[in-house]
Amino acid sequence: MTGTHGLITITMLGSGLLAGVAPPARADAGTCSAPRHVAFGTPGHDTRMDVRLCLLHGTPTRGAYAHVAWARGGDDDGERGFDALTLHYHLQRHDENIALGTCDLAPRLNATATGAYKCEKVELRVPAAGGWSADGYLEYDLDRDGEGLKRVDLRGSPVAEH
């Protein structure tokens with residue numbers, strides 16, 4: 001459940017609450033996926049994140065970008081929660097990757113308890129219509145867990161038929 005009150009977005013995440021996070025900038029002429037709610041077992045308290053993958057489908061410009069909002073958990077020892085946190089997103093046509101983008105989120109989440117960010121778009125000028133979408137995944141390494149990189153697949157955007 002999501003409600004917007006002034007400049008705050010409140011999203012219910014299972015038994016937790018992602019509150020006090022400014023909503024990400026509106027999708028510009030794009031189509032976005034439903035938010036993918038991700039909880040990371042960071043030291044201390046879990047870090048919660050919402051990720052939306054978006055498709056820019058103008059004519060003839062096509063692109064992919066991502067909106068991210070988070071509430072960092074962690075503990076009170078001042079240590080970071082992530083050794084690595086990278087969002088990989090793809091502009092696809094008929095499920096084939098056409099352009100790739102990455103967004104290094106670890107510095108942002110390690111430095112700021114709550115926030116929102118729009119990852120830079122990757123775009124192309126192509127006249128081909130139909131079958132366009134955005135897809136992607138998160139790759140992360142939690143601080144002090146000793147388990148290395150892990151992956152979370154995200155929800156892809158709806159397919160644009162024009």
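This is a predicted model: local features need pLDDT of at least 70, side-chain atom pairs count only at pLDDT 80 or more; totals for chains, interfaces and linings use all residues.

Reader: How many disulfides does a search of the whole structure find?

Author: One link is between Cys 32 and Cys 54, with sulfur atoms 2.0 Å apart. Another joins Cys 103 to Cys 119, at 2.2 Å from S to S. Searching the whole structure gives a count of two.

Reader: Which strands hold Cys 32 and Cys 54?

Author: These cysteines form a disulfide. The pair links distant parts of the chain, 22 residues apart. Cys 32 is in strand 4 (residues 30-32), and Cys 54 is in strand 6 (residues 47-57).

Reader: Is the link of Cys 32 and Cys 54 right-handed or left-handed?

Author: Look at the angle about the S-S bond, which is 105 degrees. With that value, the link of Cys 32 and Cys 54 is right-handed.

Reader: And what about the disulfide of Cys 103 and Cys 119, left-handed or right-handed?

Author: Cys 103 sits in strand 9 (residues 96-104) and Cys 119 in strand 10 (residues 114-125), so this pair ties together parts 16 residues apart in sequence. The torsion about its S-S bond is about -85 degrees, so the disulfide is left-handed.

Reader: Are Cys 103 and Cys 119 buried or exposed?

Author: The cut-off for buried is under 20% relative accessible area. Cys 32 and Cys 54 are both buried. As for Cys 103 and Cys 119, both are buried.

Reader: What is the pairing of the bonded cysteines in sequence order?

Author: Cys 32 bonds with Cys 54, and Cys 103 with Cys 119. Numbered in sequence order, the bonded cysteines pair as 1-2, 3-4.

Note on methods:
Residues are numbered from 1 along each chain as its sequence is written. Side-chain values use heavy atoms; hydrogens and water are left out. A disulfide is a pair of cysteine sulfur atoms within 2.5 Å. Helices (H or I, at least four residues) and strands (E, at least two) are DSSP runs, numbered from the N terminus. Buried means under 20% relative accessible area, exposed over 50%, partly exposed in between (1.4 Å probe, protein chains only).
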